Amino acid sequence: MASEALLSLRKYSLSRADGTPVLREVGFDVSRGEILGIVGESGSGKSQLLLSLLGLAMRGSRVSGSARFGEVELAGATEHTLRTLRGRHIAMLFQDPLLSWNPCLTLGAQLIETARLHLVLGRAAARERVVQALSDAQLADGASLLGRYPHEISGGMRQRAMLALSVLAEPGLLLADEPTTALDPTTQRRVLARMATLRDRGMSILLVTHDLGVVAQVADRVLVMQQGAIVEQGDTATLLRSPQSTYARTLLDAARRMEGLPCLP
Amino acid sequence: MKVPLPRVSLALLGLLVACAVLIPWLSPHDYFTPDWDNTELPPQWSGGHLLGTDELGRDLLVRLMWSCRISLLVAAVASAISLVIGLAWGVVAGYVGGRVDAILMRIVDVLYSVPFTPFVIVLTVLFGRDLVLLFIAIGAVSWLDIARVTRAQTLGLREREFIIAAEVAGLSRPAIMWRHIVPNLLGITLVCLTLTIPAVVSTEAFLSYLGLGAQSPLTSLGVMLADGAAQMRSRPLLLVMPALVLVTLVYACNRLGDALRDRHGL
């Protein structure tokens, strides 16, 4: 397992400019073709973990430890190195699809821009590739979507189109930051199904969420974070059935109570 | 609620711009040839001098429209210069941040503190009185406001998710600035521009009034005001008409700028 790890973090820490720790010596592996769910309450450092891997954590923050992506060390990598990875090898998907599209440009302009950048295609070829990617994401009539502005389509379509944009260059790793939180259950299922398909094609996905239902549906393994540290990690079914740490138990109980289910024994 | 655009101001502005553009083809008279047989005519329908002529027999209405043409030309060129410099300056300072931001904005602060009128006088002493110089002098000063405004807006945009998303997608900095930040600044720069134009028109009139701008026989609103002021007791129309045109032009632009600003909720 460890030999084929695509992303491997060891004693990875992140602190703010003023020295407040955000992540404390985090360590985990993500294998090729695996979805790793990361759960934890707000402020536990999940989103900052994803952003810091791409060198986009808050200004002035510092990382230490090691984060290996294939052959590349991400911790302390130069902006240039990181930029060659962004979008091409590591992609990211955000929570709110309305905020992550530029409101002034059409979907087509933004999709084609990315396609041309990463796949080195001409305008016509890029356009074709984008329409193909939209239809892969089961967005019917991709060609007509290209001329639309982000506010003109539904939230679900926006997020599915954003997912199509993220994986346009077929990156090895997708960092998904609460990608389903803003969606209705039907769309949520579609996005998750698409992620499962991508995983089956060999893409690794780091799925940050606070929805244990989402984790139960698609994640192969789960990692529970509290205040910047990992309190428990393991295979999804096992962890959800019998959590070892108190914090994971509390989290699960809270989720079950909301569903109207009895607490765990 | 959508703020309606001021129709009267738009119409007046349109009329002035149309006159200024079309005047060479509209009138049988030109603005510079003296006509010694028809000096100091009062307004009259017959003879084709609707507002009369000045002391050299030149048609007042035609000269007014030519003044408008020059003033608007200065405004357009100076605003275009200030837009290009100001927008680029502000976006780079705001987006790149850090030391670059500090250096760029200190330069703006320094330029702000240069007293404008003595600066222009020094320029005219050094390079002679020239209309092109006027463009440069006004353009060099009026971009400062646009730079500050766009920088402030860019600082806000930089933290927006779609900019981070663009960074995550691996776009280069110039691409993000040009393709993702600039389009989002168009609203505010348009507002800035409609408020810069009247300021530039007034500045041009002021400098020309002092004799630092357009030179005779070329005319501008400031030149006409200066000429008119010299004979305001005997022929008040020579002062009143250019003043009226200047006020109308500046008022209409300001009114339009305010309406646009309210529209964009700024």
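Modeller: Two residues are in contact if their C-beta atoms, placed from the backbone, lie within 7 Å. This is a predicted model, in which local features need pLDDT of at least 70 and side-chain atom pairs pLDDT 80 or more, while totals for chains, interfaces and linings use all residues. Residues are numbered from 1 along each chain as its sequence is written, with chains lettered from A and ligands numbered from 1 in written order.

Colleague: Leaving aside neighbours within four places in sequence, which residues is A:A161 in contact with?

Modeller: Neighbours of A:A161 within four places in sequence are set aside here. The partners that remain are A:L107, A:L134, A:A137, A:L139 and A:L145.

Colleague: Which residue of strand 7 of chain A is the bridge partner of A:L93?

Modeller: Strand 6 (residues 90-93) of chain A runs parallel to strand 7 of chain A, and four bridges join them. Within strand 7 of chain A, A:L93 is partnered by A:A176.

Colleague: Which residue of strand 8 of chain A stands opposite A:L174?

Modeller: Strand 7 of chain A also pairs in the parallel sense with strand 8 (residues 204-208) of chain A, over five bridges. One bridge partner in strand 8 of chain A is A:S204, which belongs to A:L173. Opposite A:L174 stands A:I205.

Colleague: How many of the five residues of strand 7 of chain A are buried?

Modeller: A residue is buried if 20 or more other C-beta atoms lie within 10 Å of its own. Strand 7 (residues 173-177) of chain A is mostly covered, the number of buried residues being five.

Colleague: Which element gives the most to the side of chain B that touches chain A?

Modeller: The contact takes 19 residues from chain A and 14 residues from chain B. On the side of chain B, the elements giving two or more residues are helix 6 (161-168) and helix 7 (173-209) of chain B. The element that gives the most, with six residues, is helix 6 of chain B.

Technical notes:
A residue is buried if 20 or more other C-beta atoms lie within 10 Å of its own, exposed if 12 or fewer, and partly exposed in between; C-beta atoms are placed from the backbone. Two strands pair if DSSP finds at least two bridges between them.
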